[in-house]
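Please look at the sequence and structure first.

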Amino acid sequence: MQTNSATPTDHRAPPPAVNSEAASMMLTLTVAGQLCAVPVLAVRDVLGVQVITRIPLAPPEVAGSLNLRGRIVTAVDLRSRLGLPAREPGQVAMSVVVEVGGELYSLLADQVGEVLTLHAEDRAPNPQTLDPAWKEFALGVHRQGDQLLVLLDVDQLLALGV
Amino acid sequence: MDDLLADFLTETNEGLTSLDAALLQLERNPANVAVLSEVFRTVHTIKGTCGFLGLPRLEGVAHAAENVLGLWRDGTLPVTPGGITLILSAADRFKQIVAGLEATGSEPVGDDGPLKAALDAAASGEAPVVDAAAEAATEAAPIPIAEPQAETATSGSNAPQTMRVAVDVLEDLMVLVSELVLTRNQLMQLARAEENAAFAVPLQRLSQITSDLQDGVMKTRMQPIGNAWAKLPRLVRDLSNDLGKRIELEMRGADTELDRQVMELIKDPLTHMVRNSADHGLETPEQRRNAGKKETGRILLNAFHEGGHIVLQIGDDGRGLNTDRIKTKVIAQGLATEAELATMSEREIHRFIFRAGFSTAAEVTSVSGRGVGMDVVKTNIERIGGTVDLASREHKGTTFSIKIPLTLAIAAALIVEAGGERFAIPQAGVLELVRVGGVDGPKVEHIKDSAVLRLRGQLLPLVSLKTLLRLETAQATTESEGFVVVTQIGQQLFGIVVDRVFDTEEIVVKPVAPILRHITMFSGNTILGDGSVIMILDPSGIARATGLGIEGGTEGGSMQDSATTTRRNERNTALLLFRAGAGAPKAVPLGLIARLENLDAARIERTGENLVVQYRGTLMPLVPLDTYMTLPETGHQPVLVFGDGDRAMGLMVEEILDVVDVSLEMDAAGLRPGFLGSCVVAGRVTDLLDTGYWLKQAQADWFEPAQQNGSKPRVLVAEDSDFFRNLIVPAIMAAGYDVVTVSNGREALRLRDAGERFDVIISDINMPEMDGFGLARAVREGGAWAELPMIALSGSSSPADVERGRAAGFSDYIAKFDRDALLASLQHCLQPMLAR
């Protein structure tokens, strides 16, 4: 079930020499058809379908919690967080596990893509017309072939319930 | 900060901690050369190292102190308390500078001139001021000389077989072991599916090693409680100087181990309680002399293991709690009425000091009484799943007992299900489980919108977990079957309604993610053996969320409820059916049982030939109903608990079968000791238990007048049936009354005419020669008993009967077998007497 070994990510921090290079590496993911990306440095694991325990009274964006090798990971559904319609029944979600403030969180996406190097100088600011629900979480936009890629702010995505 | 400096700081901090203790020991016994050399060595090392590191301030003070110590060691100068004080202040200066070093990486600015001058003066043998003070002190206060401790002499020479490991490393190990355990569990699951697998044997071995490894890693987190006590001798010494009291601190069980994390959490409450003992508990030397005590007061710290817990006691031989002053304060603050206080035991009254904002200290001193009361201590201890209690006797002293789990990392929890989700409830707060609904189980009832359960005559407020956690799926499932988890928070009892109950499991408690911390219903989460994540419920959070915790429930409150709400049904008797030994099922009236418990077999202990269990703070004797019964090694032992309050006994049975409502028709055929006879229940012959017989088995002196200040209230019981007498009398006696029985009204009146005195009369209604109504009328007509409270006991308690009883002169009317109602009524009737 766990596909982490197949992904190019690793949970040990990269050596300092490649820091600047690593900082511009992004993991792409798809949420309701929209291409997004998160910095690879924040990612600890990518998992396939997981058993997720519901948490009553939690904010609606919190899908539940799951067990990653003995650590409890809180899952946040990106669809719900980004104000998108819920997944169709039977449609599965991938878990992108990120570490923020020593805690592990799983960002639930529809698909996980590849790792790209996206330089900050190629980044366009958020368009004025971007949905207000997205503005909060978008750090900027990159052009990828015929698609637009939204760079997500992981800290902001997890600023829940405070 | 470079590594060299970091190492120096760690080492110096350790040295300084032991320095205080060593100096105090030296003060008690100046001739102890081993300790003196140890002190000298510590200071010398500090001086040497800081010269090397370029720390002039530290070096200067250390040098001056070393000079004095050197002269002491050579015997050139005598060790004086004044000198000890000087070295202690040098040690304080070390700490101050070291703290500055830790914070900024360089020595803080400061003037050590006066201190160094004082030390130099002491070294040159002059120091007139210090010496004079010291001499005065030695004259007036001969320092208590403790026995030189043998261990300390040897500890210096033997290097301990330990090494320093960073906490992070240990925590990482713990995480790895948890992962290993989970992987092992998964493998075991796979192996179970495959019969005769080749890897079954090595897997078994792997499993064993994993468990041992887990234990080993847990052990690395354990530390002796003495580490938390290290600062206390110094604290007590300073306090005794500040307060002008003589205090001796004794510490026992310092090598008792507990989890590092728990220890951090109890350090502050512990310090607070020791301060309290020194400040409020102990008297001044003068007061002690006048009271005929030794001038030197004693504070005793004691630690020991008890089951999965560690017990910490902080005791003093001081003035004890002033019950009258607490009462006055309780009434002034409106926490209880005078009448309520009258029914409370001294111990219950003492417990008021744990209430928020309650302080009996007449004045606020600089030492304690700074608005941080015992309630904070209690809250902090309860937060980590502990309990605190106290025992105090006026003029004799006070002892606080803290009971805390050995580790927070692992706890026993009950796994339940509500609304399709599973949750863990910490076992610590769970009193019992009750099955509700179904065909014959007790029913959940409603008073307006709030659900309640009648449990042995008490109304138990219920909280539905499904509703509380908004897990309501379909309305249909709300009222069918389920379980009530009876939970206690402080004095408040309440039931949590769940759909299903699974097993108990040892769980590893982990904090929830920060984005979920606002949900007060959960105290953490964990991973179960099957690998799934589960939320841990916080019973106190649930109580708060439902407004149950706020009322706080006075201890007498629930009793009154039971007296007014339990007029049980007519002639039927609720019997508890159970199995024990061969032969017919056994039964006992439910009303006589205080509680049903399912004790963890590991908790049952042996004293000599008897079995006991620690139950609600006391030792409860356990008696097997069938002498051939084998005790389970693991798992659970069902126990029927009889008696309440100070005396209780547990009857061990094999299995609890059912509770049935039947009309009792007794047959005394085949009578055996321990049984009253047999009756037919649900078509089967069932043996009825003689409760009194079994109570005597537990404690031969069960019915002996003993305990509390000699005079127990005297109760006269008029009852013609031996059977009922055997049932009622033990229950009344167990509650602490003196009982005399007669078999009819005529006999009762004969006792009156013979000049016998009683405090209350309990009478059956239907009796030969003179019935209950006749007796009541005769008593009320005049004579010595005319004013006595009378309680009628009857199989039928319809409103008409109650009315007739009142007209005849009864003060209360109780259904037979309603043990709780009877005891509540007795207490109620005797209240004016106790208040006198």
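A residue counts as buried if 20 or more other C-beta atoms lie within 10 Å of its own, with C-beta atoms placed from the backbone. By that cut-off, 35% of the 162 residues of chain A are buried. The model is predicted, and every value below is computed from it.

**Chain A: overall make-up**

- Chain A contains four helices and 10 strands.
- Along the sequence of chain A, these elements follow the pattern α-β-β-β-β-β-α-β-β-β-α-β-β-α.
- Taking the contacts in chain A between residues at least 6 apart in sequence, 56% link residues at least 24 apart.

**Contact between chains A and B**

- Chain A puts 19 residues into the contact, and chain B puts in 23 residues.
- On the side of chain A that touches chain B, strand E4 (62-68) and strand E5 (71-77) of chain A each provide at least two residues.
- E4(A) gives the largest share of that side, with four residues.
- By class, the residues of chain A on this side are 10 nonpolar, six polar and three charged.

**Chain B: a five-strand sheet**

- An open sheet in chain B is built from five strands in the order E2-E4-E5-E7-E6, with mixed pairing.
- Strand E2 (247-252) and strand E6 (387-393) of chain B are the edge strands; each has a single partner strand, so one side of each has no neighbour in the sheet.
- From one strand to the next, the twist of this sheet averages 15°.
- Within the sheet, strand E4 (residues 297-306) and strand E5 (residues 309-316) of chain B run antiparallel and are joined by eight bridges.
- Glu306(B) has His309(B), in E5(B), as its bridge partner.

**Chain B: helices H3 and H5**

- Helix H3 (residues 56-74) and helix H5 (residues 113-123) of chain B have axes that come within 9 Å and cross at roughly 20°.
- Angles under 35 degrees count as roughly parallel, so H3(B) is roughly parallel to H5(B).
- The crossing of H3(B) with H5(B) is left-handed.
- H3(B) contributes Gly60(B), Val61(B), Ala64(B), Ala65(B), Asn67(B), Val68(B) and Leu71(B) to the contact.
- H5(B) contributes Leu115(B), Lys116(B), Leu119(B), Asp120(B), Ala122(B) and Ala123(B).
- The contact of H3(B) with H5(B) comprises nine nonpolar, two polar and two charged residues.

Methods. Residues are numbered from 1 along each chain as its sequence is written. Chains are lettered from A and ligands numbered from 1 in the order in which they are written. This is a predicted model: local features need pLDDT of at least 70, side-chain atom pairs count only at pLDDT 80 or more; totals for chains, interfaces and linings use all residues. Two residues are in contact if their C-beta atoms, placed from the backbone, lie within 7 Å. Ala, Val, Leu, Ile, Met, Phe, Trp, Tyr, Cys and Pro count as nonpolar, Asp, Glu, Lys and Arg as charged, and the others, Gly among them, as polar. A residue is buried if 20 or more other C-beta atoms lie within 10 Å of its own, exposed if 12 or fewer, and partly exposed in between; C-beta atoms are placed from the backbone. Two strands pair if DSSP finds at least two bridges between them. Axes are lines fitted to C-alpha atoms, for helices over the stretch in contact, and angles run from 0 to 180 degrees between N-to-C directions. Angles under 35 degrees count as roughly parallel, over 145 as roughly antiparallel, 65 to 115 as roughly perpendicular and the rest as oblique. A crossing is left-handed if the near helix is turned anticlockwise from the far one by less than a right angle, and right-handed if clockwise.
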